[in-house]
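Here are a few exercises to work through with the model open beside you. Try each task before reading its solution.

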Amino acid sequence: RGQHLLVVYVPSRMEVDDRSWELSQTLYAMDADGWDRALVAARLEGVGRELDVPVLDLTGALRKADRGWRTRPYFTYDGHWTSLGHETAAREIETELRAKRWLE
């Protein structure tokens with residue numbers, strides 16, 4: 001019926017922010033060589049390829065949007081997005097939908 005599906009991967013803060021990743025490794029006694037913070041996104045993209053469903057990974061865009069201590073895409077004390085995180089996601093999704101010509 002002309003409908004489309006786009007899967008959007010929303011990474012956790014530790015996947016975007018290097019300091020959060022370091023703190024997670026310390027907190028959970030994670031061996032740096034035994035953990036890959038990009039594994040979930042990579043697996044999802046692989047499933048998307050198998051099913052012919054596009055996957056938009058927001059990790060890179062959220063990483064680029066991080067402007068240091070003043071403006072970050074995630075709140076400091078929980079894993080939710082700030083307004084910058086929401087704006088970044090919306091912009092990336094719109095760009096993807098327009099590139100696919102799925103928006104009128």
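**Exercise 1.** Find the place of Asp52, and work out whether this residue is buried or exposed.

*Solution.* Step one: Asp52 sits in the loop between α3 (39-51) and β2 (55-57). Helices here are DSSP runs of H or I with at least four residues, strands are E runs of at least two, and both are numbered from the N terminus. Step two: Asp52 has a relative accessibility of 71%, so it counts as exposed. The cut-offs are under 20% relative accessible area for buried, over 50% for exposed, and partly exposed in between, with a 1.4 Å probe and protein chains only. Step three: look at the backbone, where phi of Asp52 is near 60 degrees, a positive value in a residue other than glycine.

Before you go on, two notes on the source: this is a predicted model, in which local features need pLDDT of at least 70 and side-chain atom pairs count only at pLDDT 80 or more, while totals for chains, interfaces and linings use all residues. Residues are numbered from 1 along each chain as its sequence is written, and side-chain values use heavy atoms, leaving out hydrogens and water.

**Exercise 2.** Which residues of helix α2 are buried, and how are they arranged around its axis?

*Solution.* Step one: within α2 (residues 18-27), the buried residues are Ser20, Trp21, Ser24 and Gln25. Step two: seen down the axis of α2, these buried residues fall within an arc of 140 degrees, so they line one face of the helix. That arc is taken from the directions from the helix axis to the C-beta atoms. Step three: turn to the other side of α2, where Thr26 and Leu27 are exposed. Step four: ask what covers the buried residues; the cover includes α1 (13-16). Step five: just after α2, note that Ala29 takes a positive phi of about 50 degrees.

**Exercise 3.** Where is Arg101 found, and what is its phi?

*Solution.* Step one: Arg101 lies in the segment after α5 (83-99). Step two: its phi is positive, about 60 degrees, although Arg101 is not a glycine. Step three: with a relative accessible area of 74%, Arg101 is exposed.

**Exercise 4.** How many helices and strands does the protein have, and in what pattern do they follow along the sequence?

*Solution.* Step one: count five helices and two strands. Step two: read along the sequence to get β-α-α-α-β-α-α. Step three: for the overall extent, the C-alpha trace spans about 50 × 35 × 20 Å along its principal axes. Step four: buried residues make up 28% of the 104 residues.

Note on methods:
Contact = heavy atoms within 4.5 Å.
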